[in-house]
Amino acid sequence: MKLRLLALSLLLSGSLSAAELYNPMKNYTAGEQVSFNGHIYETQWWADQGQSPAGITQNSWDSPWVWVSEDTSGTTPPTGDIVSTDIQYFERDLTITGDAIGISNLAISAVERYQDRLYVTHDTAPGIVLILDARTGAVLGQIDGIPHGSSTSSYNRINELYIDNNLLYVASLSSNRVDIFDLDNAHQHLMSLGTGKYSGTHSLMHPQSVMTNADYVFVSDASSTIKVYRQHDVTPDNHYRTPHFAYLQFEGKYSNRKVQMHQLGDFLLVATENRNFYVYDLRKLEEAAASGTPLVADQRIASKILKIDKDGDQLIVNQNGRVEWHNIDDVIANGFAFTQPTRVISKLNNTAIGNLKDLHFGDNELITATPNEVRFDLLRTNTVTFTPNEQVDTTQLTFDELAPFSITEILTNDEPHHILTDRALRSVKVNSPVKTAFIDRDTIQITNYAAIELSDLTLEVKLEGTDHWVVLATLDRIPAYAQITLPLSAFGPGQFNTADNSGSVDLEPVFTSTQPYETLFDYRFNSQSDTFAQKLAAMKPTWDIRFAPNIDAKWREMNGLYAREWLIILTNLAYMVSQDEFKHLWFNFESIFGHNMNGSAGKVDGPNGYFTAEDYQYYYDTLMVRPNVNAGITSIGGGLGGTGITGVDTWMFYTHYYGSWGIIAHEFGHGFDGRGSGYGHHTSFAQGGNGWQLLMTQLANYHIRKGDLPYMDDNINGFYKPENAAYHHVAVDAGKRKHRAASHMYPVENYFMMQSDMPQGWVQNGPDMNISALEKLDFLERAHVAKYSMGSETPYLCRFTFEDGEQYVGYVTQDGDDTRCDAGKDISYRRADGSSVPLQSALNAFDWLSIHNPALSGEAVMHQNGQPLCQVNRGGFYGTGFVNAGGQCAQLPNVYWSNGNRWVFSSGWSPLTYSKSWVAPTSRSFSFDVADDVHSHESCGSVH
């Protein structure tokens, strides 16, 4: 039988037409699709030249591209000219610290650059503006305040600096003024806005920021309005008495807020640090001024923005520990939503950016300020070239020829906990268990996280921002858990063939530059002949597997035995969700299981309630790109789960081979796609009999019976074995290592059987059913051919007509090229003359029994005498008879057991029935029979 999985599938989004190959020299508008590295991607918004789908991450906002589907069109790369791709990166140039310039406890609040000078605030009382050489960091001078008679009116706290043309504006919080200096005339003080007092006519109450354009000067202070001055009023003659022209309604009185203002076209953007930003339409300002009423913001948007700088048509934003570049026109067009960055960085000089005090970008130089230092990073460019149709030599590694000191074993039982839980040392993508990593600029490490040896491998890497996977090397074999460490020079000068054999890529400019490229390479592997390796490489999920460091009352210390088993469990899980069966069940969930899945709003219609077709598609996609699974060991009688960690108790580590998947799926479901704070028990991701856990419990048992999971043999890791007892946190219960009864069928299996065209009921041995035909059935159909229970053996059941004209039941046995039906060597037929003969059919004269019979779903299989069939298999006795009037399992009077007694049993027998067929559900309520242990929420905690 071939499962016709597409017959009932929902139509998925996305075009089925062939997409053009990605062209790095082309810009793409929103909604365009391209073929890239065997996948179809679609633009969410504008994509610039060179901004390829290679930059896609788990965060949808990090890239203009989103994954749509695999590319099955057979599109081949074009031939033609050499293609160059510029790879940009930041390189640390200069760091200025307080100690370097002679100021202890430097307290920076703002920075601005003018020509070769950098202006840095020391926000204290008194405060100063430091003037530094932007090339060397040397101190050129400082601004202490403004002249006041024969002395200086010093600064008492400085919030913000702003430069417009050659003018420097200094917003001093507690000095209650904004000072203006001429940067081309020895920092001459020209005038001040405010009065130096926080109240009165023309005053400013604790100024916080300033911004100018050709017509106005805007100053935000601690009051509930932003003050607007006309430029022609801002003159030396109006020092300390410049009148307010207009006001902008602001968020209320608040002295210590941090504010920045920038003009975007006709709009003024006013951002309060980590709180909100306000958008004012400046075209309405004159009318508001004339009416004498403050201009009200068109929008107030909650935001985590900390700092903003403007460079031409770009805004540079610090939020969520990152620095992002946004096109101003895009921000305006998207309703001032910062959702389409053109560049995102989270690290500088291999250090997390974090929350900044200020930033400045211009002339390919990024200046970032923390409370006590200023860092200069220069934007550099490396050029990577792709040459079509060119082939270069590929490094061929032979494991047995490697130097012994270059090979180590990982994940041993005694590997220290701190090593196992260090993600830099022990982590791997679930679909790429052969990990190729640059551990520094000169060294490459190849590690096999698979539980068995893999062979005939190609090791592939791809540099972020480029379009091609390249073959770093081939490797003849690598044992399970082997780690190979080699110098980069072992892989040649830097030219590599592409994985699709379309040409070669020159990475030498990257390797010989100052670019910190170690973390910029993705990795994958494949094999030319190892089918097991190919199975792993074909899996869809990209989860990064790592091991949790948690040790407390609920968590147990990680060791190598558990770590290896977690890799096996998650590999099997990733395999299952990669298959067509999962995809079909997922997208047809309600019609198959009888209830719809629901999100965090519960069992209601509406957002985050019952799933729509779009929700099923969204969660299917996000499941595949869950960022990571942080795997741990619990000791609470069940497990714990969330986006940050997934843990189960010891017994799941050896019973998953036998079908105990409910709790594993449940705890994984708490962090289903790794997004947000996770999913509670009220959602379908972590409910015992609803949704994900229900689906995966049944699907896992389906695949175990099918026998196609990557890891089916619990002897590979041998978790349960006595020699590993010292590493078990809880003793192994041998009684749990058993499969469900062969007759037990889950609704999912019954559902798939509805698509079978195998014979039903009793079938004569012949063209439609015979030994050869049996082998052509799939695993599920063979499971529906009735078995004859006989001790530990379960041969196929059959019936035949004996010499007396009566029907008897036995099992199929081969006799050379022929087959017959035999009741068993311990069962005989006693003739009228008292002689005994074997109870068996003539050659090839018998019927098989298919218990797949939807018309008789769940009903008893009947004997020709009208009585239900029954089976005995206990205490060395076996056989199949019928239920007599006395409730005994019996055979006809002339059937005897080898001990001379008639074949009659009063107890210990079981009925023989047709399998229950799947019935299309009619409501959102559905119950199912479980062989797996039912998961109690009392033994589960969702970790958010």
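Two strands are taken to pair if DSSP finds at least two bridges between them. Helices (H or I, at least four residues) and strands (E, at least two) are DSSP runs, numbered from the N terminus. The structure is a predicted model, in which local features need pLDDT of at least 70 and side-chain atom pairs count only at pLDDT 80 or more, while totals for chains, interfaces and linings use all residues. Residues are numbered from 1 along each chain as its sequence is written, and side-chain values use heavy atoms, with hydrogens and water left out.

An open sheet is formed by four strands in the order E33-E39-E38-E43, with mixed pairing. Its edge strands are E33 and strand E43 (521–527), each of which pairs on one side only. From one strand to the next the twist averages 20°. Strand E38 (residues 454–463) pairs with E39 in the antiparallel sense over seven bridges, and Thr-458 stands opposite Thr-474 in E39. E38 and E39 form a hairpin with six residues between them. In the turn of this hairpin, Gly-465 has a positive phi of about 95°. Strand E33 (residues 395–397) and strand E39 (residues 470–478) run parallel and are joined by three bridges. Along this pair, Thr-395 stands opposite Ala-473 in E39, and Leu-397 stands opposite Leu-475 in E39.

Two helix pairs are described next. Two packed helices are described by the angle between their axes and the distance between the axes. Axes are lines fitted to C-alpha atoms, for helices over the stretch in contact, and angles run from 0 to 180 degrees between N-to-C directions. Helix H7 (residues 580–587) packs with helix H9 (residues 613–624) at an angle of about 145°, the axes being 10 Å apart. H7 passes H9 in a right-handed crossing; a crossing is right-handed if the near helix is turned clockwise from the far one by less than a right angle, and left-handed if anticlockwise. On the H7 side, Phe-582, Lys-583, Trp-586 and Phe-587 take part, and they meet Tyr-616, Gln-617, Tyr-619, Tyr-620, Leu-623 and Met-624 in H9. Contact here means heavy atoms within 4.5 Å. The residues of the contact of H7 with H9 comprise eight nonpolar, one polar and one charged. In this division Ala, Val, Leu, Ile, Met, Phe, Trp, Tyr, Cys and Pro count as nonpolar, Asp, Glu, Lys and Arg as charged, and the others, Gly among them, as polar.

For helix H11 (residues 662–670) and helix H12 (residues 692–706), the axes come within 8 Å and cross at roughly 140°. H11 passes H12 in a right-handed crossing. Gly-662, Ile-663, Ala-665, His-666, Phe-668 and Gly-669 of H11 make the contact with Trp-692, Gln-693, Met-696 and Thr-697 of H12. The residues of this contact divide into five nonpolar, five polar and no charged.

A nonpolar core is a set of buried Ala, Val, Leu, Ile, Met, Phe, Trp, Tyr and Cys residues joined through side-chain atoms within 4.5 Å. Buried means under 20% relative accessible area, exposed over 50%, and partly exposed in between (1.4 Å probe, protein chains only). The largest nonpolar core has 157 residues, of which Ile-446, Leu-573, Phe-582, Trp-586, Trp-692 and Met-696 touch the most other members. Helix H6 (residues 560–578) supplies the largest share of this core, 13 residues. Another core, of 32 residues, lies apart from it and includes Val-234, Val-259, Tyr-278 and Ala-289. Leaving aside neighbours within four places in sequence, the contacts of Trp-692 include Leu-573, Phe-582, Trp-586, Leu-623, Ala-665 and Phe-668.

Thr-272 is found in strand E21 (residues 267–272). Thr-272 counts as buried because its relative accessibility is 1%. Not counting residues up to four places away in sequence, Thr-272 touches Phe-250, Glu-251, Arg-257, Lys-258, Val-259 and Ile-305.

Several loop residues have backbone features of note. Ala-125 and Pro-126 are joined by a cis peptide bond, with omega about 0°. Pro-126 lies in the loop between strand E7 (117–122) and strand E8 (128–133). Asn-389, in the loop between strand E32 (373–388) and E33, has a positive phi near 65°. Asn-389 is exposed, with a relative accessible area of 53%. Asn-501, in the loop between strand E41 (495–497) and strand E42 (503–506), has a positive phi near 60°, and Asn-501 is exposed at a relative accessible area of 55%.
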